Amino acid sequence: MNDPGKNEPIANQAKELFDDSVERLDAATLSRLNQGRHKALAELSHSGPSVTWLRWAPAAGVAAAAVVAVVVMRGPQVDELEPVTASDFEMLLEEDGFEMFEDLEFYAVLDAVAAEVNGDVG
Amino acid sequence: MNANVGVFAVSCTREQLTGAKTLQRERQLNQFLAEVERRALRIAEIAVRDRDEALDLVQDAMIKLARNYAERPVEEWAPLFYRILQNAVRDWHRRQKVKNRVMVWFGRGKPTDDEYDIVANTPDPAGRAPDDVLQTHEAMQRLEVSIHELPGRQREAFMLRTFEGLDVAGTAVAMGCSEGSVKTHYSRAVHALRDKLGEHWQ
């Protein structure tokens with residue numbers, strides 16, 4: 001693949017300086033990176049469908065409680081639209097909710113890039 | 001009875017396979033993160049000009065990769081990881097803007113970049129002469145400031161391509177844009193850096 005600018009002298013010089021600065025990272029910083037990596041790996045051993053589901057459990061519980069409360073207070077004859085509850089907003093504004101949308105966007109980009117690489121586009 | 005023993009044996013074998021697979025994935029992920037973490041930290045640090053903040057961003061990115069994408073093919077991890085990290089850096093900049101507005105409202109200006117001194121954080125483990133070390137530090141500092149002053153997308157393209165060594169396709173995935181955009185951003189970044197650093201560099 002044509003890779004313009006890859007061998008620019010300024011890029012090579014910048015890369016040398018950057019690599020040098022990476023080598024000079026102090027022990028305390030390396031230790032914190034190490035801790036962060038182990039936290040991430042611990043996440044791996046706890047991940048899985050059941051745990052993913054459990055992350056939504058508190059929000060789902062609040063939503064269920066809100067629905068029960070509305071049904072009990074208003075009785076069975078609900079003719080109009082249900083009001084949007086605070087928990088709906090809470091769920092929408094949850095950080096993971098945004099991540100979900102980001103993921104969808106990410107896979108769309110991934111597909112587009114793959115198509116471009118395979119020459120399907122343009 | 002024999003059928004029960006057979007079912008038990010199959011069940012155990014499956015569990016062993018799943019356990020072995022998880023262990024292998026954990027090893028692969030550990031290797032990937034160990035390989036990428038230091039460069040990722042420096043890339044984040046140049047973008048946000050704060051080591052503690054950069055450490056937090058890198059750790060969060062590692063956790064999100066493990067949590068959401070560990071099952072993806074290994075060769076996809078690098079662009080995925082940098083995609084997560086770049087998003088986190090962009091969010092950080094958005095939050096900083098809001099924070100700075102609030103600080104200005106309360107009469108406290110934002111600290112300038114000049115207050116951040118990378119030299120203070122980086123002793124030289126190679127034991128080089130202080131003059132050499134100082135010269136390299138100064139060159140790196142000029143480079144960092146110049147990269148930091150680039151528009152965000154140019155900065156991302158330059159660091160991902162030059163420092164992390166991602167190819168155009170991988171950088172496009174990490175930045176969430178087309179390969180053509182990556183080439184444009186990268187080319188503009190190189191020209192801008194050449195203009196900024198021209199008098200000090202070749």
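In this predicted model, helices α6(B) and α7(B) meet through a defined set of residues. On the α6(B) side, the contact involves Arg153(B), Glu156(B), Ala157(B), Leu160(B) and Arg161(B). Their partners in α7(B) are Thr171(B), Ala174(B) and Met175(B).

Two packed helices are described by the angle between their axes and the distance between the axes. For α6(B), residues 152–163, and α7(B), the angle is about 135°. The axes lie 10 Å apart. An angle over 145° would count as roughly antiparallel, and one of 65 to 115° as roughly perpendicular. The two helices are therefore oblique to each other. Their crossing is right-handed.

Helix α7(B) spans residues 168–175. Seven of its eight residues are buried, so the helix is largely enclosed by the rest of the structure. The buried residues are Val168(B), Gly170(B), Thr171(B), Ala172(B), Val173(B), Ala174(B) and Met175(B). Among them, Thr171(B), Ala174(B) and Met175(B) also take part in the contact with α6(B). After α7(B) comes Gly176(B). The phi of Gly176(B) is positive, near 70°.

Chain B as a whole contains eight helices and zero strands. From the N terminus, its elements run α-α-α-α-α-α-α-α. The chain has 202 residues, of which 35% count as buried. Contacts were also examined by sequence separation. Among those between residues at least 6 apart in sequence, 61% join residues at least 24 apart.

Methods
Residues numbered from 1 in each chain as written. Chains lettered and ligands numbered in written order. Predicted model: local features only at pLDDT ≥ 70, side-chain atom pairs only at ≥ 80, totals over all residues. Buried ≥ 20, exposed ≤ 12 C-beta atoms within 10 Å, placed from the backbone. Helix = DSSP H or I, 4+ residues; strand = E, 2+ residues; numbered from the N terminus. Contact = placed C-beta atoms within 7 Å. Axes fitted to C-alpha atoms, helices over the stretch in contact; angles between N-to-C directions. Parallel < 35°, antiparallel > 145°, perpendicular 65-115°, else oblique. Left-handed = near helix turned anticlockwise from the far one by under 90°.
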